[in-house]
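Keep the picture open while you read.

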Amino acid sequence: MAGAELAKVDPADEPSAEWGWHGEFPKATSIAGVLVAILLPLMLIGHHTSWTEILFSVVPSVVILAGVVWLNVRKRRDWRQ
């Protein structure tokens, strides 16, 4: 595709094209995911009442980190296939 074909976006299909933004924030998404995955276990500092606190902070942080790694690996392999 030529550059001119990529610039033509129909505002009826994608309304955000009218005001100039059209895309995603891949770096910001990865950074936010890593920050949240770091902050969740930090909330364990202090008095612990039960193992439920550990379960509901560590498991989501591991899932978020796995998702960030999976998205970055998938993004890097796209152009090779």
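## Helix 3

Start with helix 3: its 27 residues reach 39 Å from the first C-alpha to the last, close to the 39 Å expected at 1.5 Å a residue. That expected span is 1.5 Å times one less than the number of residues in the helix. Helices here are DSSP runs (H or I, at least four residues), strands are too (E, at least two), and both are numbered from the N terminus.

Before going on, note that this is a predicted model: local features need pLDDT of at least 70, side-chain atom pairs count only at pLDDT 80 or more, and totals for chains, interfaces and linings use all residues. Residues are numbered from 1 along each chain as its sequence is written, and side-chain values use heavy atoms, with hydrogens and water left out.

## The whole chain

The protein chain has three helices and zero strands, and from the N terminus on its elements run α-α-α. Of its 81 residues, 11% count as buried. Buried means under 20% relative accessible area, exposed means over 50%, and partly exposed is in between (1.4 Å probe, protein chains only).

Helix 2 covers residues 26-42, and its 17 residues reach 25 Å from first C-alpha to last, close to the 24 Å expected at 1.5 Å a residue. Which residues of helix 2 are buried? They are Ser 30, Gly 33, Ala 37 and Leu 40. They cover an arc of only 100° around the axis, which puts them on the same side of helix 2. (The arc is that of the directions from the helix axis to the C-beta atoms.)

The buried residues of helix 2, meanwhile, pack against helix 3.

In helix 3, the buried residues are Ser 57, Ser 61 and Val 68, and what covers them includes helix 2. Why does Ser 61 count as buried? Because its relative accessibility is 5%. Leaving aside neighbours within four places in sequence, Ser 61 is in contact (heavy atoms within 4.5 Å) with Ala 37, Leu 40 and Pro 41.

Ile 54 also has its place in helix 3. Ile 54 is partly exposed, with a relative accessible area of 27%. Ile 54 and Pro 41 are 13 residues apart in sequence, and 7.9 Å apart in space, C-alpha to C-alpha.
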